[in-house]
Amino acid sequence: MTMADDQRARLLEPSPFDRHYGLELNELGDELVRGRVPVQEHLTQPLGIVHGGVHAAIAEGLASLGTNYGVAATGEIGLGMSNQCSFLRPIGSGTIHGTARRRHRGKTTWVWDVELADDEGRLCAVSRVTVAVRPAP
């Protein structure tokens, strides 16, 4: 079964969920993906800092997009399999800047390291994301 061109195109843009929290792509490739998310009140926890789940979502979104960029042409898709985040510094305003670097490109899994930083370039969170590669439905 061949993936339709419109389905392939949807895999190379932020998902509806990614758009909901505000992910904007700056660079998309199968080795490097960069994006950003403006901090908004609905992304924060009661103390006014960005919720850890937002960091995890950004990391998985960038890694999945990069994997899809590399495999969509062959009729495959990337599906998040594992996401391990460490939070280093809070962000309460400005923009979250994400950079995902591919570390492993296997036949059935890709592994990415993702760094999330604030507007001053300070590292705020790191994540290791494993993406499963499967045939498109």
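This is a predicted model: local features need pLDDT of at least 70, side-chain atom pairs count only at pLDDT 80 or more; totals for chains, interfaces and linings use all residues.
Reader: What's the secondary structure, and in which pattern along the sequence?

Author: There are three helices and six strands. Along the sequence they run α-α-β-β-α-β-β-β-β.

Reader: What box do the C-alpha atoms fill?

Author: Roughly 50 × 25 × 20 Å, taken along the principal axes.

Reader: What about contacts with a separation of 6 or more? How many link residues 24 or more positions apart?

Author: Such pairs account for 63% of those contacts.

Reader: How many residues line it, and which lie nearest the centre?

Author: The lining has 17 residues. Nearest the centre of the pocket are Arg10, Leu11, Glu13, Ser15 and Asn68.

Reader: Which elements each supply at least two lining residues?

Author: Helix 2 (16–21), helix 3 (52–71) and strand 3 (76–87).

Reader: Which one has the largest share?

Author: Helix 3, with five residues of the lining.

Reader: And how does the lining divide into nonpolar, polar and charged?

Author: Six residues are nonpolar, six are polar and five are charged.

Reader: Back to strand 3. Ser86 sits in that strand. What does Ser86 touch, leaving aside neighbours within four places?

Author: Ser86 is in contact with Cys124, Ala125 and Val126. Of these, Val126 lies in strand 6, residues 123–135.

Reader: How far is Ser86 from Glu120?

Author: The two C-alpha atoms are separated by 19 Å, and the residues are 34 apart along the chain.

Reader: Now the other side of that contact. What does Val126 touch?

Author: Beyond four places in sequence, Val126 touches Gln84, Cys85, Ser86, Leu88, Val114 and Glu115.

Reader: How accessible is Val126?

Author: Its relative accessible area is 29%, so Val126 is partly exposed.

Reader: And where is Thr99 relative to Val126?

Author: Thr99 is 27 residues away in sequence and 9.7 Å away in space, C-alpha to C-alpha.

Reader: Which residues is Ala132 in contact with?

Author: Setting aside neighbours within four places, they are Ile77, Gly78, Leu79, Met81, Thr108 and Thr109.

Reader: How far apart are the C-alpha atoms of Ala132 and Thr108?

Author: They are separated by 5.7 Å. Along the chain, Ala132 and Thr108 are 24 residues apart.

Reader: New spot. Where does Arg36 lie?

Author: Arg36 is in strand 2, residues 32–38.

Reader: What does Arg36 touch?

Author: Not counting residues up to four places away, Arg36 touches Gly22, Leu23, Glu24, Asn26, Thr95, Ile96 and His97.

Reader: And its relative accessibility, what is that for Arg36?

Author: Arg36 is at 28%, so it counts as partly exposed.

Reader: Last one. How far is Arg36 from Val50?

Author: They are 14 residues apart along the chain, with 13 Å between the C-alpha atoms of Arg36 and Val50.

Key:
Residues are numbered from 1 along each chain as its sequence is written. Side-chain values use heavy atoms; hydrogens and water are left out. On a 1 Å grid over the protein atoms alone, a cavity is a set of points where a 1.4 Å probe fits but cannot get out, and a pocket is an open set with protein on both sides within 12 Å along at least five of seven lines; lining residues have an atom within 4 Å of a point. Helices (H or I, at least four residues) and strands (E, at least two) are DSSP runs, numbered from the N terminus. Ala, Val, Leu, Ile, Met, Phe, Trp, Tyr, Cys and Pro count as nonpolar, Asp, Glu, Lys and Arg as charged, and the others, Gly among them, as polar. Contact means heavy atoms within 4.5 Å. Buried means under 20% relative accessible area, exposed over 50%, partly exposed in between (1.4 Å probe, protein chains only).
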